[in-house]
Amino acid sequence: MEWVIVESNWIDARGRIKDQWRTLSDDDLDAVGGRRDALCTRLQENLGVTPQEADRQVAEWESRNRDLFEETAEQVKPYVGISKQ
């Protein structure tokens, strides 16, 4: 998944993440800032799960929220410095 796109849609993604994992505080979500690895770390800390379980939960969330990862090249370009073909 292209998490750089999630970063560009962070307000929408943040709301969906909050809906999925209500134990995450606004401070947690600020710290995540659209980064997958940071989300997994926060889930491990807040839920007391293993890294593998956190990764599994995030992967399931990704599969249910595919629309967050489907953006046009023009929307992504400022974040990656190149245009996707």
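A quick word on the ground rules. This is a predicted model, where local features need pLDDT of at least 70 and side-chain atom pairs count only at pLDDT 80 or more, while totals for chains, interfaces and linings use all residues. Residues are numbered from 1 along each chain as its sequence is written, and side-chain values use heavy atoms, leaving out hydrogens and water.

So how confident is the predictor? The mean pLDDT (the predictor's confidence in each residue, from 0 to 100) is 83, and 75% of the residues reach 70 or more.

On to the layout. The protein has 6 helices and 0 strands, where helices (H or I, at least four residues) and strands (E, at least two) are DSSP runs numbered from the N terminus. Of the 85 residues, 32% are buried, meaning under 20% relative accessible area, with exposed being over 50% and partly exposed in between (1.4 Å probe, protein chains only).

Helix α2 (residues 10-20) has Trp10, Ala13, Arg14 and Ile17 buried. Seen down the axis of α2, these buried residues fall within an arc of 105°, so they line one face of the helix; the arc is that of the directions from the helix axis to the C-beta atoms. An α-helix has 3.6 residues a turn, so residues three or four places apart point the same way.

Ile17 turns up again in the largest nonpolar core, which has 18 residues; Ile17, Trp21, Leu39 and Trp61 have the most contacts inside it. Such a core is a set of buried Ala, Val, Leu, Ile, Met, Phe, Trp, Tyr and Cys residues joined through side-chain atoms within 4.5 Å. Helices α1 (3-8), α2, α3 (26-32), α4 and α5 each supply at least two residues, and α4 gives the most, with 4 residues.

Residues up to four places away in sequence aside, Leu39 touches Trp3, Ile17, Trp21, Leu24, Val32 and Val58, contact meaning heavy atoms within 4.5 Å. Gln57, in helix α5 (residues 51-64), is buried at a relative accessible area of 15%. Beyond its neighbours within four places in sequence, Gln57 is in contact with Trp21, Leu47 and Val49.
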